[in-house]
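Have a look at the model first.

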2 protein chains.
Amino acid sequence: MSDVKIVTAAVVVIGNEILSGRTKDLNLGYIAAGLTGIGIRLTEGRFIPDVEATIIATVNELRARHDYVFTTGGIGPTHDDITAAAIAKAFGVPLILHPVAARLLSDHYGPENLTEARMRMAHTPEGAELIDNPVSIAPGIKIGNVFVLAGVPRICQAMFDGLKGGLRGGDPVLSRTVSGYIGEGVIAKDLGELQDRHPALEIGSYPFFRQGKFGASFVIRGTDKAEIDRAAGALHAIIKKLGADPIEGEPAG
Amino acid sequence: MSDVKIVTAAVVVIGNEILSGRTKDLNLGYIAAGLTGIGIRLTEGRFIPDVEATIIATVNELRARHDYVFTTGGIGPTHDDITAAAIAKAFGVPLILHPVAARLLSDHYGPENLTEARMRMAHTPEGAELIDNPVSIAPGIKIGNVFVLAGVPRICQAMFDGLKGGLRGGDPVLSRTVSGYIGEGVIAKDLGELQDRHPALEIGSYPFFRQGKFGASFVIRGTDKAEIDRAAGALHAIIKKLGADPIEGEPAG
């Protein structure tokens, strides 16, 4: 499997309101699913406060070891929006007025409503490119392998959807899910042996409770479709042997 | 403010299914809100895969710098549930059969259904205490300042609710929220000046879009109620000056 091309990413969720529990994060899961779909493996997530030194240290640590880093939050017009300035410091470049961003905001708000605070959203680290914001104009920022997105989910997700096509994925991770109304503790031994026979695959077991019954979904992931299908066939046989009906995919309901 | 007692915590969400986007995390936000309510500040969250070395390194890094660490995920009966063993290695102690956990599981499943896989859930790092699981019996684990909880949200949350009363909080973080149908870019300058006048407080600005209108909630957090109230009074005046109606709390709808 050494010829498999693996591309990894990290997500950094920035915001005191997330860590206080006031606001629930909806962005990490969205980005995670989007990356999986294009063959990029999210292998790390960080939730950090609006603290400049923490943002700098976190981004510099992660951008060195991942192909892509996505941050969400802290790019609005108020004093607590410090992400853009922190990213500039992380890259050791000045924060400058980006002429295209300034024009976008001027066109949107009109020169008379273009407050100093709103112009804050036109400042980017020197050398950065803009990320399109189809919802509320103020752009995101791309510098090096770091993508700086908004925190508001609708905006974050629109920015991500727009830039996704430009990302370079690795070999896609394929997956096949088989489920059954069977206790994890009943199937665990056979499942572990199946995993041992297929070290190149990753077999996950996820319990659920539906329609008044316990069951589990077994997700087989890997890059070799034929091997996944062989493992899935064996899993069907295991579930039958243990007296349950294998269900391809997630159970209905 | 140097006499304020600050107690911090970190949350570690463990699971490939979260990082692939298959499953959305619901636990970090729940624990975050619960901690805030008892005066413990969640200052860091990590999302990591089911990889032993990563779990060990992450837990050891975080338990050294926080009063409390909470992990979620990876304590079931299947081969991919490796958290308990990893935590034992993080603490440099053997993983042992916990007699109380074994009896709980034996009573629950009956000796005839107590598979080897289920007995896996009765193994804890040596010296650990059990965390009550009122939903599905198999207990969580407390060792040192680390609390090892289930990943299934209903179970994780029940475990957390049960143990919360035993945590030692710091001075509670008080907060007051004032909202208004006013653009962040319009109020940002005054808001920043208000923040500058109250460096001991943390003033956050969170935009929203409701009933077809843009607005923002301003959350004032701190430990001194009188100062929070003074800042909130000033904020009411600022919102009025800018032509909007201050709303105490979050806007309706």
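Predicted model: local features only at pLDDT ≥ 70, side-chain atom pairs only at ≥ 80, totals over all residues.

Residues are numbered from 1 along each chain as its sequence is written, chains are lettered from A in the order in which they are written, and side-chain values use heavy atoms, leaving out hydrogens and water.

Chain A holds 9 helices and 12 strands, taken as DSSP runs (H or I, at least four residues, for helices; E, at least two, for strands) and numbered from the N terminus. Some overall values:

| Property of chain A | Value |
|---|---|
| C-alpha trace span along principal axes | about 75 × 45 × 30 Å |
| Accessible surface (Shrake-Rupley, 1.4 Å probe) | about 10,600 Å² |
| Accessible surface from carbon and sulfur atoms | 54% |

Four strands of chain A line up in the order S10-S11-S9-S12, forming an open sheet with antiparallel pairing; strands pair if DSSP finds at least two bridges between them. At the edges sit S10(A) (202-210) and S12(A) (247-248), each pairing on one side only. S10(A) is joined to S11(A) (residues 213-222) by 9 bridges, and one pair of bridge partners is Ser205(A) with Phe218(A) in S11(A).

Helix H8(A) (residues 184-197) lies across S10(A) and S11(A), at about 165° to S10(A). That angle is between N-to-C directions, on a scale from 0 to 180 degrees, with axes fitted to C-alpha atoms, for helices over the stretch in contact (heavy atoms within 4.5 Å).
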